[in-house]
Amino acid sequence: MTTPAYTTDAFFALEDRWLETAPGELTHYHELGEGTPILFLHGSGTGVTAAANWWLNLPALSTLGRCIAIDSIGYGQTVVADGTVYGIREWVRHAVRVLDALGIEKTWIVGNSLGGWLAFQFSIDFPERLLGIVSMGTGGAALTGALKGHSSPTLTQEGIRQTLEMFVVDKSLVTDELVSLRYQSALNDTASDRLAAVVAARDRDRIELPLDMDVLSRLDVPVLLIHGVQDIVIPVSRTWELLNVLPNADAHIFSQCGHWSQVERAEEFNAVITQYLRSRGVGA
């Protein structure tokens with residue numbers, strides 16, 4: 001397949017890579033580091049991309065292992081085949097196709113929001129491929145007012161700003177440049193009529209395919225749950241729910257932090273994950 005003429009904005013300081021993961025499917029991703037694979041799965045906010053979720057984390061965490069951050073199907077610059085359908089299991093299968101194309105048998109997964117939900121569905125559907133999970137603001141929870149807003153976003157720069165400001169306590173982090181970049185990415189969503197399809201699939205599966213807690217109660221890999229106390233998108237009660245089920249889960253709760261802990265508390269976030277993964281033998 002022909003590689004698209006696209007370059008991630010210099011703001012994010014990440015190199016573009018492309019990988020054919022199925023006929024007619026070309027996955028856009030970023031890769032840094034060597035060693036133990038760590039797959040990064042982004043959330044589902046308007047205009048989201050791997051770069052927009054992980055630009056403050058990949059350089060620091062790439063000292064631990066081979067960090068691979070993908071644009072999931074229906075998001076970012078990943079090219080999808082005609083007739084592609086979306087949903088929790090379809091996004092998980094796409095992640096597996098990426099691993100297969102890269103020759104990776106087992107991986108850690110770091111997931112944000114929807115990406116955390118995918119990480120746990122991955123653990124249910126492909127447990128033999130998983131080394132462990134780090135999940136923050138884990139998706140799949142009951143629909144909140146903020147999540148309802150994500151289902152019908154206002155596709156203007158001001159609408160994007162309002163959405164991003166719901167992610168953080170410190171609104172100064174939502175700069176004009178960041179808003180502009182997310183808005184340009186959101187235009188890509190609407191240009192291919194993807195946004196409505198991916199949001200509908202996400203909200204459908206919230207009801208039709210909730211995480212199987214009985215299966216998760218037998219999950220035998222290490223799990224770190226991260227949450228901001230002031231997360232209004234996915235309340236911190238979601239982490240307590242999972243802690244009561246998962247047999248090998250630890251949690252780190254950030255005060256004065258919203259849904260975007262990997263941005264709002266980036267330095268501490270990176271330190272927490274580094275310490276956790278090193279204690280599990282990653283990058284040791």
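The largest pocket holds about 240 Å³ of space. The model is predicted, so to speak of local features a pLDDT of at least 70 is needed, side-chain atom pairs count only at pLDDT 80 or more, and totals for chains, interfaces and linings use all residues. Residues are numbered from 1 along each chain as its sequence is written, and side-chain values use heavy atoms, with hydrogens and water left out.

**Exercise 1.** Describe the lining of the largest pocket by position, element and residue class.

*Solution.* Start with the term: on a 1 Å grid over the protein atoms alone, a pocket is an open set of points with protein on both sides within 12 Å along at least five of seven lines, a cavity is a set where a 1.4 Å probe fits but cannot get out, and lining residues have an atom within 4 Å of a point. Next, list the residues: the lining comprises 19 residues, and Tyr 6, Phe 12, Leu 181, Gln 184 and Ser 185 lie nearest the centre. Then turn to the elements, where helices (H or I, at least four residues) and strands (E, at least two) are DSSP runs numbered from the N terminus. At least two lining residues come from each of β2, α1 (50–54) and α7 (176–191), and α7 gives the most, with five. Finally, sort by class: five are nonpolar, eleven polar and three charged, with Ala, Val, Leu, Ile, Met, Phe, Trp, Tyr, Cys and Pro counted as nonpolar, Asp, Glu, Lys and Arg as charged, and the others, Gly among them, as polar.

**Exercise 2.** Is His 28 buried or exposed, and with which side chain does His 28 make a polar contact?

*Solution.* First locate the residue: His 28 belongs to strand β2 (residues 25–32). Its relative accessibility is 2%, and therefore His 28 counts as buried, the class for values under 20%, whereas exposed means over 50% and partly exposed in between (1.4 Å probe, protein chains only). Then take the polar partner: the side chains of His 28 and Asp 71 make a polar contact at 2.8 Å, the term being a pair of N or O atoms within 3.5 Å, where within protein one must be able to donate a hydrogen and the other to accept it, and residues adjacent in sequence count only if both atoms are side-chain atoms. Last, beyond neighbours within four places in sequence, His 28 is in contact with residues including Tyr 6, Trp 18 and Gln 77, where contact means heavy atoms within 4.5 Å.

Technical notes
Points joined across faces, edges and corners; volume = space filled by probe spheres on them.
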